[in-house]
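Reader: I'd like to learn how to read domains and the contacts between them. Can we work through a case together?

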Amino acid sequence: MQNLVPMTTSTLMPICSITKQMVCMILKDLERNPTPEMVKRGNVSRQFSDALHQMLHPDLTTNTALELEHLCHNQSGIRDYWAMSMFWGAHPDGVFRLEEDAKKALERTKSLHFEPGTQYSYCNLNFYILARLIENVSGQTLSALLTERLFLPAQMKTARLCADNANLPPPCVGYEGTESSGFIPAINRMQWSGDAGVVASLKDMIAYEHYLLTCWDEEKSVYRAIAQQQSFKDGTVAQYGYGLKHVTIRGMATIGHGGALRGFRLHRIQAPSEKVAVVVMLNHQADAEEAAQDIMKSVLDIFPSHVPQSDPVNPSPDWFGTFYDPDAQLVVEIRHGGQGHVIVSYAGSDETLICVGENEAGSNNTVGIIDGGIPKLRRLVDNRVLDVKRVATGYPPHKDDYLGEYYCAEIDSTFRCSGAGGMLYGHFEGYLGQGPPHLMRYIGEDIWMLSCPRGLDAPAPGNWTVVFQRADHGDITSVTIGCWLARKVVFVKR
C-alpha cells in the first residue's frame, strides 16, 4: 500500500512464530539423522542435554529437572524475553540485536516462574535457546539446516531465514492501525532467530502444507512425531507441543500455530483427518486465527446447524469485580460481557466465557464456577487453577508511599515510580537504556496495574500487576511486578 505495490502469492513476508515448529522439526531430524560431526561424538541426546546445561545459568538447571522437551512445549518456566525487555529499558521501536542483546537477556535469566513440566506459558526465549543449541551441537547454522532439511524437500523455493526485521525482503510492508483510524507503516528493528525469523511467500506456505500432509501419512515421519499431543508432568494432556497448538473446531482435531509481528498477523491450521489446510497471511493486524478458522469451517461446511436458541443465562453478580491470583501474583479482572457472557482479563487479552448456569461459565480455554461467592477459574491450556481472592478496591492511602527507586539484582533492572497530582508512572532502566513511562492504575490493597500497550514484540505484554510489600512498621520495602509471560520479578527499594 505504501508504495502502491500489490501483494501477490510470491510476496515474501515474515512468518514469525510459525518458525518455531520448523525449528522443532530440525531438532527432531538431527536426533534421527545427526551431522557427521555429531556422529563422531556419539550419544546425540546427551550432546543436546550437555549443551543445554552449558548454555543456561546454573540456577536454571540445578535441582529444577529442566529438560529440552520443556522448552519445545513451552513448559520450561523460563520467562519470555520479549516481555522482560521492558525491564531492560526497551522502546517499542528500539533495536534488539541477536548477538549482543539476546545473549545479555539469557545471562540475566537466572530463575523460573514455575516448576518445569507443570504448567504452560508462552516463551519465545525457549526457542531462541533451542536454535542456538541446534547450531552449537550440529556445527551448522540454523539457516543452512532449514534450507537443506526442510525448504528444499518441501519445495519452498523462496523461503529463507531472515533474522533482522529491519531488513526484510522488499516490497512487503506491514501496517499498524485500522481502516477507521488509518494505517501507518510499522517499525520493527528486532532481530530474532529460532523463535521467529523465517520469511516465506504464500506459494512457499502452500508447498509447506502439501509437504506436511504427505508427511502425516508416514507414521515414522518427523512431522508425525512432533504433531502428537504432549502431556504435563501430572499426566494431563497439553494443548501445545513442539511449536504446534492443538485445537478442536466443531469436534474436529486441528493442528496449527499463529505468527505476529508489529504490522503482520499470520495463521496456519491443518485438519489431518480431512487432508485440508488453511494459511492466512496479513500485512496488517486483523485476527488471522479467526479468519483461518472461519475459512476452515466454510470449506468443510461444519458450521452448526440451526437450533432453537435458549434464553441466555444471567450470570451471578459474584462473577464481577477485581481479583488477585496470589500464586502467580497477577490481577484478574472480570466484567459483564452482555447477556449470558462474562469477560475475563488475565493473560494479556480479554477472554469471553459463555454462561451455562448462573454460577458456571466456560470457553475453549477456561472453565469457571462460583465457589463461596468467589470465581474459581481453570485455565486448560495453562494446566492451572486460579484460586483468586477479591480485591477491596478504593483510593490508595498515601500515593507518596510508593514513590522511589527499586532495583532487581537478578535481572539487573531499575524500576522508578514517580508522579504528581494524583497520577503515578513507572519506567525501567537496564542494558537497553531508559524505557518510556507507563501509566499506573490503582487496584486496591497496595496493588497497582502498569499498562504496556506497545512493546518490542507484538502483541505487547499488556497490563503488568505491580504489588508493593510493606515492612511491619508500614514502610514500602519492595515491589513484585509480573504479567502472564513473566511473573514474580522482585525489586527492592533503595
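Reader: Where does UniProt place the feature "domain: D-aminopeptidase"?

Author: The unreviewed UniProt entry puts that feature at residues 313-491. UniProt positions follow the numbering used here, feature names are shortened, and annotations may be inferred rather than shown by experiment. Residues are numbered from 1 along each chain as its sequence is written. Keep in mind that this is a predicted model, where local features need pLDDT of at least 70, side-chain atom pairs count only at pLDDT 80 or more, totals for chains, interfaces and linings use all residues, and side-chain values use heavy atoms, with hydrogens and water left out.

Reader: How much helix and strand is in residues 313-491?

Author: Helices (H or I, at least four residues) and strands (E, at least two) are DSSP runs, numbered from the N terminus. Residues 313-491 are 0% helix and 59% strand, with the end C-alpha atoms 44 Å apart. UniProt, again in an unreviewed entry, also lists "domain: Beta-lactamase-related" at residues 5-294; that span is 36% helix and 17% strand.

Reader: Which domains does the domain assignment give?

Author: Such bounds come from an automatic or database domain assignment. For this chain, domain 1 is 12-77 + 112-233, domain 2 is 317-390 and domain 3 is 399-493.

Reader: How do I read the interface of domain 2 and domain 3?

Author: On the domain 2 side, Q329, L330 and V331 supply 37% of the area buried against domain 3, more than any other three residues.

Reader: How many salt bridges does the rule find there?

Author: The rule wants a side-chain nitrogen of Lys or Arg within 4 Å of a carboxyl oxygen of Asp or Glu. It finds two across this interface.

Terms used: Buried area = accessible area lost by both parts, 1.4 Å probe.
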